[in-house]
Amino acid sequence: MTDKQLAALTSSIYLSRLTLAGESVDTDDKRLRASGLYPDWTPGKYKTGDIYNADGQTWECFQAYDNAVYPDIHPEKSAWYTFNRPLHGTSPETARPFVPVQGAHDIYRTGEYMIWSDGLIYRCTQDTNFSPDEYPAAWEK
């Protein structure tokens with residue numbers, strides 16, 4: 001079984017349990033736990049609320065775009081952040097690599113987790129748009 005297949009299976013089990021409990025996937029943390037079921041990003045047309053995986057992250061489109069019209073909207077380009085935001089987990093299990101904050105739509109909030117460049121998991125102790133190197137007081141290992 002590949003890592004991608006295992007992620008899809010784990011996500012399916014999680015989603016099934018939520019459904020049986022009468023819950024929905026309504027938070028970033030729940031979306032991250034179900035991330036194995038989201039498609040990988042490919043060039044195309046996206047609408048607000050679409051969720052997909054790219055570069056080890058799970059992203060939400062917060063401003064609709066058509067990549068055919070605007071080819072610079074791509075995970076490796078700066079325009080990406082104008083239209084997409086990374087989802088942030090609220091548990092060590094849903095921590096994803098740190099993504100530099102671009103605006104109010106993607107700041108790290110108190111209680112969210114991320115994986116820093118040293119490979120360790122950090123918890124945000126106060127809302128911040130800074131990394132642990134830029135403002136260590138906002139993070140704890």
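Which residues point one way from β3, and which the other way? In this predicted model, Q57, W59 and C61 point one way, T58 and E60 point the other way, and all are buried. Here "buried" means under 20% relative accessible area, "exposed" means over 50%, and "partly exposed" lies in between, with a 1.4 Å probe and protein chains only. As the model is predicted, local features need pLDDT of at least 70 and side-chain atom pairs count only at pLDDT 80 or more, while totals for chains, interfaces and linings use all residues. Residues are numbered from 1 along each chain as its sequence is written, and side-chain values use heavy atoms, with hydrogens and water left out.

Helices (H or I, at least four residues) and strands (E, at least two) are DSSP runs, numbered from the N terminus. Strand β3 covers residues 57-61, and 5 of its 5 residues are buried. It belongs to an open sheet of 3 strands, in the order β2-β3-β5, with antiparallel pairing. The edge strands of this sheet are β2 (51-54) and β5 (84-86), each of which pairs on one side only. From one strand to the next, the twist averages 40 degrees; for such angles, axes are lines fitted to C-alpha atoms (for helices over the stretch in contact), and the angles run from 0 to 180 degrees between N-to-C directions.

The pairing can be followed residue by residue. Strands of a sheet pair through backbone hydrogen bonds, either parallel or antiparallel. In this text, two strands pair if DSSP finds at least two bridges between them. Strands β2 and β3 run antiparallel and are joined by 4 bridges. Within this pair, Y52 has W59 as its bridge partner in β3, and N53 has T58.

Most residues other than glycine have a negative phi, and most peptide bonds are trans. D55 counts as exposed because its relative accessibility is 52%.

A second sheet is also present. It is open and has 4 strands, in the order β6-β7-β8-β9, with mixed pairing. Its edge strands are β6 (96-97) and β9 (139-140), and each pairs on one side only. Strand β8 (residues 121-124) pairs with β9 in the antiparallel sense over 2 bridges, and C124 stands opposite W139 in β9. In the loop between β6 and β7 (113-115) lies I107. I107 and P86 are 21 residues apart in sequence and 9.6 Å apart in space, C-alpha to C-alpha. Contact means heavy atoms within 4.5 Å. Leaving aside neighbours within four places in sequence, I107 is in contact with H88, V101, E112, D127, T128 and N129.

The last stop is the largest pocket. Rolling a probe the size of a water molecule over the atoms shows where empty space is left. On a 1 Å grid over the protein atoms alone, a pocket is an open set of points with protein on both sides within 12 Å along at least five of seven lines, whereas a cavity is a set of points where a 1.4 Å probe fits but cannot get out; lining residues have an atom within 4 Å of a point. The largest pocket holds about 460 Å³ of space. Its lining has 18 residues, of which A7, S11, S35, G36 and R96 lie nearest the centre. The elements that give two or more residues to this lining are α1 and α2 (28-33), and α1 gives the most, with 7 residues. S11 sits in helix α1 (residues 3-20) and is buried, because its relative accessible area is 3%. Not counting residues up to four places away in sequence, S11 touches R33, A34, S35, G36 and L37.

Note on methods. Grid points are joined across faces, edges and corners, and a volume is the space filled by probe spheres set on the points.
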